[in-house]
Amino acid sequence: MYILNRSHHPLPAYQTAGAAGMDLCAFLPDGPLTLQPMERRAIPTGLFVALDAGFEGQVRPRSGLSLRRGLTVVNAPGTVDADYRGELLVPLINLDTAPQTIHDGDRIAQLVVARYERVAWQETADLPPAAGSARGTGGFG
């Protein structure tokens, strides 16, 4: 896995031994920006990654930022595919009733790198029962 850092912020890192995600910081060298209520904007990070095949990056909200300020990731979790080479942008939305200002270096999201499997669908007229469960079609919602 490789990372190119065009910002002046440290590389994303795990903050504790048990952390699953690494904080992503806003890269706003031209100054802060303010999101009005219900406004969404792609916030730059200055980071570019090359993930190994079979891995994805998941961009997720930071719970404290969501709770305290109403800022969250619009398409949570956002997926960074292994073949994407563009800048990591965080699509934030302000769900608060007051404008929210984002400053250079603010921790705005977290990145979880995870392994995934690709599947090949087998079309069928009927689905087999779920192993060890009688749930069937029940339980939606």
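Ala, Val, Leu, Ile, Met, Phe, Trp, Tyr, Cys and Pro count here as nonpolar, Asp, Glu, Lys and Arg as charged, and the others, Gly among them, as polar. By these classes, the lining of the largest pocket in this predicted model consists of ten nonpolar residues, with no polar and no charged residues. The residues concerned are Met1, Tyr2, Ile3, Leu11, Pro12, Met22, Val49, Leu51, Leu111 and Val113, and the space that the largest pocket holds amounts to about 160 Å³. Two strands, strand 1 (2–5) and strand 10 (107–115), each contribute at least two residues to the lining of the largest pocket.

In general, the strands of a sheet pair through backbone hydrogen bonds, in either a parallel or an antiparallel manner.

Across the protein chain as a whole, one helix and ten strands are assigned, and these elements follow one another from the N terminus as β-β-β-β-β-α-β-β-β-β-β. The protein chain has a radius of gyration of 19 Å, which is well over the 14 Å given by the globule rule for 141 residues, and the chain is therefore more spread out than a compact globule. Taken along the principal axes, the box filled by the C-alpha atoms of the protein chain is roughly 55 × 40 × 30 Å. Of the 141 residues of the protein chain, 34% count as buried, where buried denotes under 20% relative accessible area.

Most residues other than glycine have a negative phi, and most peptide bonds are trans. Met38, which is placed in the loop between strand 3 (33–35) and strand 4, has a phi near 70°, a positive value in a residue other than glycine. The peptide bond from Ala76 to Pro77, in turn, is cis, with omega near -15°, and Pro77 is located in the loop between strand 6 and strand 7 (78–80).

Notes
Residues numbered from 1 in each chain as written. Predicted model: local features only at pLDDT ≥ 70, side-chain atom pairs only at ≥ 80, totals over all residues. Heavy atoms only, no water. 1 Å grid on protein atoms, 1.4 Å probe; cavity = no way out; pocket = protein on both sides within 12 Å on 5 of 7 lines; lining within 4 Å. Points joined across faces, edges and corners; volume = space filled by probe spheres on them. Helix = DSSP H or I, 4+ residues; strand = E, 2+ residues; numbered from the N terminus. Rg over C-alpha atoms; globule rule 2.2 N^0.38 Å. Buried < 20%, exposed > 50% of the residue type's maximum accessible area, 1.4 Å probe, protein only.
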